[in-house]
Amino acid sequence: MNNQPLVSIGIFVYNEAKFIAQTIESWLNQDYQNIEIVISDNASEDKTFELCQQYAEKDHRIVLNRNSQNIGAAFNAKKVVEMSTGKYFIWSSGHDDRDTKLLSSCVKVLESNQNVVLAYPQANWINEKGESFDSIGGCIETRGLDPLSRLNMILWGLAYASPVYGLFRADALQKVSLGKSLIAPDVLLLSELSILGEFAYVPLPLLQMRRMPDYGSWDSYVGKIFNQSLSQLSVPEIFGEMLKEFVTNITKHINDPKTKQTASYLIVQGLMVKYGGILVTLLREKNSNLSDKEQVILQNIQNISTFLQKNNDFLSTNLINFSDYPQSKQPVNISEPKSPIILIDGVFFQLNQTGIARVWKSLLEQWANSDFSNHILVLDRTNTAPKIPGIRYRTIPPYNPNNLESDRFLLQQICDEEKADLFISTYYTIPKTTKSVMMIYDLIPEVMGWETDHIYWKGKHDAINYASSFISISENTAQDLQKFFPETINKGITVALLAADQDFGLVSESAIFAFRHKYNIQKPYYLLVGNEGFQGYKNQILFFQAFAQLPTKSGFDIIWTGNKGYFPEQYRQYIQGCSIYSLQLSDQELKIAYNGAIALVFPSKYEGFGFPVLEAMTCGCPVITSPNSSIPEVGGDAVFYVNSDDVQGMMEALCEIQKPRVRDLLRNKGFQQAQQFSGAKTAETCQNLLLENAQSINNSFNINFQTLNLIIFPDWQQDEEELSLTLTEVLSTIASHPQAEEITLIIDTTNAENEEDVKLLVSAVTMNLMLEEAIELSEATQIAFIGNLTSQQWEKLLILIQYRIRLDIEYLPMYIEKIAFCNIQDISNLSVTSLENDLLDINFQTLNLIIFPDWQQDEEELSLTLAEVLKGIANHPQGSEITLIIDITNAENEEDAS
């Protein structure tokens, strides 16, 4: 036991009598026993100290301190560090619980990698009864990343600071700021530490954090930090101090001025996004007059916020002095926005940097070189999107899957501000009313039969229900979408097969040699790509079971990348005597790994597309895979297929792929197959669909507009009987119109509590008319429902409506001034031939253009002009949906003009 490094456990407590005994027991019961437990009681007013004293008397490993007065949580947390003597240190509250393997699991990681300064497990929430009710998200795994990247992950990826309850390397902990009385001291600690070394995530649920009654209370939170109530503190000062302390303490670990400047910008931008809204909320709640000093500080903070919203440059404000560092201005050549406007939520770049991120990066690079870039704006979640010259960006707050409704309101506000015609997300986010196209990647949870009530799947299903049309990345995924969501059949699904990133391809032998030398890979190797997948659907177990039976297995190594450096222990039994390298590889290194591999082994049970297969073929790497879902669309006849439960077949494939002639055959076939996938074609397909949807006014409302389009604005808060009478009068009058089959009635539901109740009421009225009055609406008469539209949407909608039917009691929006109105009794006299279309004898379509030539100019010049216009229209991707109107006002003869 004495050969094991000493671990110090620091328990800082205040009034924790209810759970302190359970907490101490959970540490004493660890399977790692070379420990000391340092307890500092912060002048508790209950029985906490007495209970701790009882344990200290029984176990010499417990060191107990009692503060004479409450010094605040931050200083007390520092106190237990100062009292500790171990090589490793871990903090503990007085109310959480933990698995017996927590210490041993974390010590193992720290002992195996000197670059790691913090190892921490997955954490779950438990209630006061100890019942688990949710996991804590925000996994931070920074092994293999540079210091700035590690800092960026803390600032943007940390949903809750549970890693602060992981196991620290004590000598690293002594170099960072402790005992700071400021907002988010735990985030400051982790941010500083991220510069000094790597964080390792142990993907085991070993920590149970108890959700206490005061969780989420800023009064309680501030009180614990400052040992004062919020009412006693200056809100602008504590937030201003937070900004200064973060920049000062984090950048002191950075020597290079340019890196220091970049870090400063990341820090302030991250803090403003995370805490800016809280600052405003607290000021509103305090509702107090600010002193002159507070006014200045608050104005400086607001200046920072404004600056960050409008600029993607380094920070220069009165609050934080960057005068020591040169300012740099990056020239950006970006065209002016052009209607229609399409917003792209780059949320996936915030969440992950896997295949989906590469898909969107490739699309943006393709679009940046075309006129389509004028139509798009990328919503950049906390500055995580790749910056591509020619693409416009707007930085917005991070995505929080725990608050989907708030995110929808935020996105709708941005859509309104940017006058967006269409919205598309990189990952399942949606606005409230702006029309949306959805890119669908896979139906893995549905196909695999998993529980789909997870928060991410809820967001996905909401997005599917909301979308007006879909882009599917494979034919199989499109079929699955229609199978599990039959209502999407009528919405339209366009398949846009993906392509490998243009950076993937062949590399030199010297690059492969350097790669193998770097990771000390001595033998030929099989390559695995991707994580295990939930419930093991990636099916790597098939490879390991077959590899164990491989007669020549001792002659091979295994590289597994994409699993965050983690190797599941249950697979180790299959590779005895062989080396496995669990690596975090960059795209450049992954390309080299493909080039040098004996084969990519990818026996997945389901893929939305199957990127690794295409990437491997592009790099000349033979592929062994399974004929499931979309994989045959990608692999064609250029890969080796093995059924996903055929261990013998996999073993034979691993043997067969060792033959040079087999590898050469698959390499050549793979090159040919990969050439069928074009990034330019994918981008064009997606671009055309987005433009088509953005330019289609009618479809944006899912309304079948007809010759005569009418709208009513009932007040749904009035008595239901009165509502029924009004609707009865309107519907019966429309039914009696001689051209009722050419009428669409649009019913506004803006102030209705529930649109479904509205539809039920209208249906009931319609049924009652038919049964009681023998009045039946024509099957061709259309009834549509709309509500909560933006001003821009109202402008578009009202162009297509001839009349508002005036009701005795109405709930009117503010955008209807320009629309004519009529009374209910006037409906029968409305002419269905009074449309502009009929008066002008023009077939108006989705896009209507007009030109005004001067018919008195030279005929040759006129011909050239007209030829240029008509050619441009003919080349338009939706040329069949365009009407060109030619003015002939000053022509001498209409026939000559024609």
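These legends accompany close-up views of a predicted model. Local features need pLDDT of at least 70 and side-chain atom pairs count only at pLDDT 80 or more, while totals for chains, interfaces and linings use all residues. Residues are numbered from 1 along each chain as its sequence is written, and side-chain values use heavy atoms, with hydrogens and water left out.

**View A. Thr477 in helix α17.** Thr477 sits in helix α17, residues 475-484. Helices (H or I, at least four residues) are DSSP runs, numbered from the N terminus. Thr477 is buried, at 0% relative accessible area. Buried means under 20%, exposed over 50%, and partly exposed in between (1.4 Å probe, protein chains only). The Thr477 side chain makes a polar contact of 2.9 Å with that of Ser474. A polar contact is a pair of N or O atoms within 3.5 Å; within protein, one must be able to donate a hydrogen and the other to accept it, and residues adjacent in sequence count only if both atoms are side-chain atoms. Leaving aside residues up to four places away in sequence, Thr477 touches Ile440, Tyr441, Asp442, Leu443, Ser472, Tyr606 and Gly608. Contact means heavy atoms within 4.5 Å.

**View B. Helix α21, residues 611-618.** Eight of the eight residues are buried, so helix α21 is largely enclosed by the rest of the structure. They are Phe611, Pro612, Val613, Leu614, Glu615, Ala616, Met617 and Thr618. Gly620 follows α21, with a positive phi near 75 degrees.

**View C. The Arg358-Asp587 salt bridge.** The closest N and O atoms of Arg358 and Asp587 are 3.1 Å apart. Arg358 belongs to helix α13 (residues 355-368) and Asp587 to helix α20 (residues 587-596), so the pair ties together parts 229 residues apart in sequence. Arg358 is buried at 13% relative accessibility. Asp587 is partly exposed at 35%. A salt bridge is a side-chain nitrogen of Lys or Arg within 4 Å of a carboxyl oxygen of Asp or Glu. The whole structure holds 22 of them.

**View D. The Arg804-Glu810 salt bridge.** These side chains meet at 3.0 Å, N to O. Arg804 is buried, with 8% relative accessibility. Glu810 is partly exposed, with 21%. Elsewhere, salt bridges with shared partners link Asp345, Arg381 and Asp407 into one network.

**View E. The Glu141-Arg143 salt bridge.** The closest N and O atoms of Glu141 and Arg143 lie 2.7 Å apart. Glu141 is buried, at 8% relative accessible area.

Methods. Helix = DSSP H or I, 4+ residues; strand = E, 2+ residues; numbered from the N terminus.
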